[in-house]
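Here is a short briefing on one protein model. Look at the sequence and the 3D view, then work through the points below.

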Amino acid sequence: MTDDRVNRLWVAAGASPEDAVGLVLNAIPEGWSASLAQAQLTLAEMEKLDLKQGEVYEITRTIRM
């Protein structure tokens, strides 16, 4: 969540859910917050994104799978 309370979607490849949140917190501006989404990516979605351990990206548009 941004300073102006707008939600944004980020994906991160961490060793654990907590590690993924930490990766996002390190990537976003100070003062923003991060938490796990209710839904999780499917294996097929993860394969399409081709994330490597430690990578983090903001999802800025719709991705068609």
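Strand E1 (9–12) and strand E2 (56–59) are part of what covers the buried residues of helix H1. Keep in mind that this is a predicted model.

**Helix H1**
- Helix H1 spans residues 17–27, and its buried residues are Ala20, Val21, Leu23 and Val24.
- These buried residues line one face of the helix, because they fall within an arc of 155 degrees when seen down the axis of H1.
- Glu18 and Asn26 sit on the other side of H1, and they are exposed.

**Ala13 in the loop**
- Ala13 lies in the loop between E1 and H1.
- Is Ala13 buried or exposed? Ala13 counts as buried, because its relative accessibility is 14% and the cut-off for buried is under 20%.
- Leaving aside neighbours within four places in sequence, Ala13 is in contact with Leu23, Leu51, Lys52, Gln53, Gly54 and Glu55.
- One of these contacts, Leu23, is also among the buried residues of H1.
- Ala13 and Tyr57 are 44 residues apart along the chain, and their C-alpha atoms are separated by 9.3 Å.

**A nonpolar patch**
- Which residues form a nonpolar patch on the surface? They are Leu41, Leu43 and Met46.
- Together, these three have about 280 Å² of accessible area.
- Leu43 belongs to helix H2, which covers residues 43–49.
- Leu43 has a relative accessible area of 56%, so it is exposed; the cut-off for exposed is over 50%.

Note on methods. Residues are numbered from 1 along each chain as its sequence is written. This is a predicted model: local features need pLDDT of at least 70, side-chain atom pairs count only at pLDDT 80 or more; totals for chains, interfaces and linings use all residues. Side-chain values use heavy atoms; hydrogens and water are left out. Buried means under 20% relative accessible area, exposed over 50%, partly exposed in between (1.4 Å probe, protein chains only). Helices (H or I, at least four residues) and strands (E, at least two) are DSSP runs, numbered from the N terminus. The arc is that of the directions from the helix axis to the C-beta atoms. Contact means heavy atoms within 4.5 Å. Patches are made of residues with over 30% relative accessible area and no salt bridge: like charges are joined within 9 Å, nonpolar side chains (Val, Leu, Ile, Met, Phe, Trp, Tyr) within 5 Å. Accessible areas come from the Shrake-Rupley method with a 1.4 Å probe; for residues, only the protein chains shown count as cover. A salt bridge is a side-chain nitrogen of Lys or Arg within 4 Å of a carboxyl oxygen of Asp or Glu.
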